[in-house]
Amino acid sequence: MGNEQKGRNPQSAPKYRQVQVAQLKRGRRGKHHELVQGIVQELASLRPGSALEIPLSDVGGVGLANLRSAVHRAATSAGLNLETLADDGKFFVWKASSK
């Protein structure tokens, strides 16, 4: 039989379009980028021992899990170590203390 893979037709057209890697956007800029960047900017200037209280009703329908993930990603990119807590429709975020 040769080197052909079973069930694969080497003459078939590609299923997916090919693009140049240089054309791809490398940064992550989700639909809530401005919201998350605003939170991270406020975190950077937050006094030690203080937390930001973010009402979930004010974040444009972003779910808690998605908001928490996005804030963690952005904070990590900015070199911030943070902690979070959610309670009664509010999301709390603060800079973690150094250990």
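Guide: A residue is called buried when its relative accessible area is under 20%, exposed when it is over 50%, and partly exposed in between, using a 1.4 Å probe and protein chains only. This is a predicted model, in which local features need pLDDT of at least 70, side-chain atom pairs count only at pLDDT 80 or more, and totals for chains, interfaces and linings use all residues. Residues are numbered from 1 along each chain as its sequence is written, and side-chain values use heavy atoms, with hydrogens and water left out.

Visitor: Which residues of α2 are buried?

Guide: In α2 they are L67, A70, V71, A74 and A75. Seen down the axis of α2, these buried residues fall within an arc of 130 degrees, so they line one face of the helix. The arc is taken from the directions that run from the helix axis to the C-beta atoms. A65, N66, T76 and S77, on the other side of α2, are exposed.

Visitor: How do you know that the span of α2 agrees with its number of residues?

Guide: The expected span is 1.5 Å times one less than the number of residues. For the 14 residues of α2 that gives 20 Å, and the end C-alpha atoms are 20 Å apart, so the two agree.

Visitor: Which residues of α1 are buried, and what covers them?

Guide: V36, I39, V40 and L43 are the buried residues of α1. They cover an arc of only 95 degrees around the axis, which puts them on the same side of α1. Their cover includes β1 (52–55), α2 (64–77), β2 (82–87) and β3 (90–95). E34 and Q41 are exposed on the other side of α1.

Visitor: Why is F91 called buried?

Guide: F91 has a relative accessible area of 0%, and the limit for buried is under 20%, so F91 is buried. F91 lies in strand β3. Contact means heavy atoms within 4.5 Å; leaving aside neighbours within four places in sequence, the contacts of F91 include L52, I54, L67, V71 and L85.

Visitor: What makes E53 and K90 a salt bridge?

Guide: A salt bridge needs a side-chain nitrogen of Lys or Arg within 4 Å of a carboxyl oxygen of Asp or Glu. In E53 and K90 the closest N and O atoms are 3.6 Å apart, so the pair meets that limit. E53 lies in strand β1 and K90 in strand β3, so the pair ties together parts that are 37 residues apart in sequence. A search of the whole structure finds 1 salt bridge.

Visitor: Are these two residues buried, exposed or partly exposed?

Guide: E53 has 47% relative accessibility and counts as partly exposed. K90, with a relative accessible area of 32%, is partly exposed as well.

Conventions
Helix = DSSP H or I, 4+ residues; strand = E, 2+ residues; numbered from the N terminus.
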